[in-house]
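Visitor: I am new to protein models. Could you show me how to read one, feature by feature?

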Amino acid sequence: MKTETKQELGNKIFRRFWFVMFLIFLTLYISQASGYYEYEISKKSTFTTEQIKKFEQDIKDGKNIDIQEYMENTNKNYQNKLSKMALSLSETISKYTKLGIEKFFSVIGNAMEDGK
């Protein structure tokens with residue numbers, strides 16, 4: 001089995017890093033050149049224009065106006081069972097860590113007061 005020197009290993013990692021960076025650059029460049037960002041902006045603009053027209057028509061028709069009907073719902077829920085479980089675990093750890101730290105400093109505070 002061939003053993004690599006630190007120099008060879010460093011060169012290998014360096015080349016892979018720059019290869020990944022080049023792939024990221026290429027992806028971003030192609031998305032920019034294809035107009036993906038402009039397309040997304042125009043899609044939002046079209047949606048907004050359509051909502052404005054709908055709003056104006058509803059005013060002309062004398063309908064009850066509720067602003068929520070004309071707003072785009074941008075609140076997406078990405079939670080799944082695993083993320084909910086991880087959040088619950090994190091909150092539990094946070095709770096007990098906070099209690100432990102408060103207790104620790106309470107004991108140290110009492111010790112300092114008794115030492116005066």
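**Reading the fold**

Guide: Read along the sequence, the protein chain follows the pattern α-α-α. That is 3 helices and 0 strands. Helices (H or I, at least four residues) and strands (E, at least two) are DSSP runs, numbered from the N terminus. The radius of gyration is 29 Å, well over the 13 Å that the globule rule gives for 116 residues, so the chain is more spread out than a compact globule. That radius is taken over C-alpha atoms, and the rule is 2.2 Å times the number of residues to the power 0.38. Along its principal axes, the C-alpha trace spans about 80 × 60 × 30 Å.

Visitor: What kind of model is this, and how are residues numbered?

Guide: Residues are numbered from 1 along each chain as its sequence is written. The model is predicted: local features need pLDDT of at least 70, side-chain atom pairs count only at pLDDT 80 or more, totals for chains, interfaces and linings use all residues, and side-chain values use heavy atoms, with hydrogens and water left out.

Visitor: What average pLDDT does the protein chain have?

Guide: First the term: pLDDT is the predictor's confidence in each residue, from 0 to 100. Here the chain averages 85, and 91% of the residues score at least 70. Among the elements, H2 has the lowest mean (80), and helix H3 (residues 81-115) has the highest (92).

Visitor: How do I read an aromatic pair?

Guide: A pair of aromatic rings is described by the distance of the centres and the angle of the planes. Rings of Phe, Tyr and Trp (its six-membered ring) pair if their centres lie within 6.5 Å; planes under 30 degrees apart count as stacked, over 60 as edge-to-face and the rest as tilted. This structure holds 4 such pairs. One of them joins Phe14 and Trp18, edge-to-face, at 6.1 Å centre to centre and 70 degrees between the planes.

Visitor: Where do Phe14 and Trp18 sit in helix H1?

Guide: They are 4 residues apart in helix H1 (residues 6-33), so about one helical turn separates them. Phe17 and Trp18 also pair edge-to-face, at 5.2 Å and 75 degrees. Phe14, Phe17 and Trp18 form one aromatic cluster.

Visitor: Is Phe14 buried or exposed?

Guide: Relative accessible area decides: buried means under 20%, exposed over 50%, partly exposed in between (1.4 Å probe, protein chains only). Phe14 is exposed, at 51%. Trp18 is partly exposed, at 47%. Phe17 is partly exposed too, at 43%. Of the 116 residues of the chain, 3% count as buried.

Visitor: And salt bridges?

Guide: Side chains of opposite charge can pair when their charged atoms come close. The test is a side-chain nitrogen of Lys or Arg within 4 Å of a carboxyl oxygen of Asp or Glu. The structure holds 1 salt bridge. Asp58 forms it with Lys63, the closest N and O atoms being 3.6 Å apart. Asp58 is buried, with a relative accessible area of 8%.

Visitor: Where is Asp66?

Guide: Asp66 lies in the loop between H2 and H3. It is partly exposed, at 36%. The C-alpha atoms of Asp66 and Val20 are separated by 49 Å.
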